[in-house]
Amino acid sequence: MRHFVGMRGVVATAVALASVCGIARADAVLDNWRFDTGSDGLVTASLYATNKLITGGGALGYSPILTIACRPGGEPNWSEWLQLNDSVSATRTLTMSVTVDQGSKLDESWSVGTHGRMLVRDGSDGIKRLVSANRLLLSWRFGLLSGRGEADFDLAGLGEAVSQIAGTCNTQVP
């Protein structure tokens with residue numbers, strides 16, 4: 001009897017540890033994401049790329065930032081954008097090559113934002129394709145003679161991040 005009671009305690013401890021470790025792992029996955037709610041109600045989650053881009057001067061490197069955003073009651077409701085330190089030479093739109101996981105490369109039109117340092121894509125379809133993905137690779141041209149930029153993202157926790165954004169934004173997950 002004593003052995004059985006002791007085993008129940010070990011099993012209960014193991015279950016409790018597994019539960020805590022599962023919660024800790026989920027929190028660790030979300031630790032890569034930075035959440036914010038703006039005064040205008042814009043809800044965002046941002047993630048740094050795993051790679052570095054060299055700045056125009058060549059002296060410093062930086063990681064581009066992917067941001068998923070939701071506007072409560074806005075149209076469009078969902079957006080994604082890529083923040084850069086160096087500007088692209090396009091003025092209104094540019095072609096972004098997008099590879100999700102190890103799938104085929106798709107070309108999409110992204111809008112060029114403030115000072116050419118933000119590339120934006122509105123709509124829930126872009127977010128929807130990423131929710132179950134593990135990796136995102138974005139590639140674009142900085143300009144005619146400037147070469148290509150590339151940002152590689154480990155999307156661990158994206159599903160949880162989008163769920164959290166949708167809850168705060170009071171809307172459905174795409």
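The protein chain has three helices and eleven strands, where helices are DSSP runs of H or I with at least four residues and strands are E runs of at least two, numbered from the N terminus. Read from the N terminus, the order is α-β-β-β-β-β-β-β-β-β-α-β-β-α. This is a predicted model, with local features needing pLDDT of at least 70 and side-chain atom pairs counting only at pLDDT 80 or more, while totals for chains, interfaces and linings use all residues. Residues are numbered from 1 along each chain as its sequence is written, and side-chain values use heavy atoms, with hydrogens and water left out.

Of the 174 residues in the protein chain, 40% are buried; buried means under 20% relative accessible area, exposed means over 50%, and partly exposed is in between, with a 1.4 Å probe and protein chains only. The accessible surface of the chain comes to about 10100 Å², and carbon and sulfur atoms own 54% of that (Shrake-Rupley method, 1.4 Å probe; for residues, only the protein chains shown count as cover). As for contacts (heavy atoms within 4.5 Å), among those between residues at least 6 apart in sequence, 54% join residues at least 24 apart.

On to the strands. Strand 1 (residues 34–37) runs antiparallel to strand 2, and four bridges join them; two strands pair if DSSP finds at least two bridges between them. Asp-36 has Thr-44 of strand 2 as its bridge partner. On to strand 6: strand 5 pairs with it in the antiparallel sense over six bridges, and here the partner of Cys-70 is Trp-78.

How many of the six residues of strand 5 are buried? Six of the six residues in strand 5 (residues 65–70) are, so the strand is largely enclosed by the rest of the structure. Both of its faces are covered, with Ile-65, Thr-67 and Ala-69 buried on one side and Leu-66, Ile-68 and Cys-70 buried on the other.

Strand 6 (residues 78–83) carries Glu-80. Setting aside residues up to four places away in sequence, Glu-80 touches a list of residues including Ile-68, Trp-110, Leu-119, Gly-126 and Arg-129.

Gly-126 sits in helix 2 (residues 124–130) and is buried, with a relative accessible area of 0%. Beyond residues up to four places away in sequence, Gly-126 touches Glu-80 and Arg-121. Gly-126 and Ser-79 are 47 residues apart in sequence, yet their C-alpha atoms are 7.9 Å apart in space.

Next comes the nonpolar core, meaning a set of buried Ala, Val, Leu, Ile, Met, Phe, Trp, Tyr and Cys residues joined through side-chain atoms within 4.5 Å. The largest one has 37 residues, and those with the most contacts inside it are Leu-82, Leu-119, Trp-140 and Phe-153. Helix 3 (residues 158–169) gives this core its largest share, six residues. Leaving out neighbours within four places in sequence, Leu-82 is in contact with residues including Leu-66, Met-96, Leu-119, Trp-140 and Phe-153.

The structure holds one aromatic pair. The ring centres of Trp-140 and Phe-142 are 5.7 Å apart and the planes meet at 65°, so the pair is edge-to-face. For such pairs, rings of Phe, Tyr and Trp (its six-membered ring) need centres within 6.5 Å, and planes under 30 degrees apart count as stacked, over 60 as edge-to-face and the rest as tilted. Trp-140 and Phe-142 are both buried.

Two other residues round out the picture. Thr-99 lies in strand 7 (residues 93–100) and is buried at 13% relative accessible area. Leu-60, in the loop between strand 3 (53–54) and strand 4 (61–62), counts as exposed at 58% relative accessibility.
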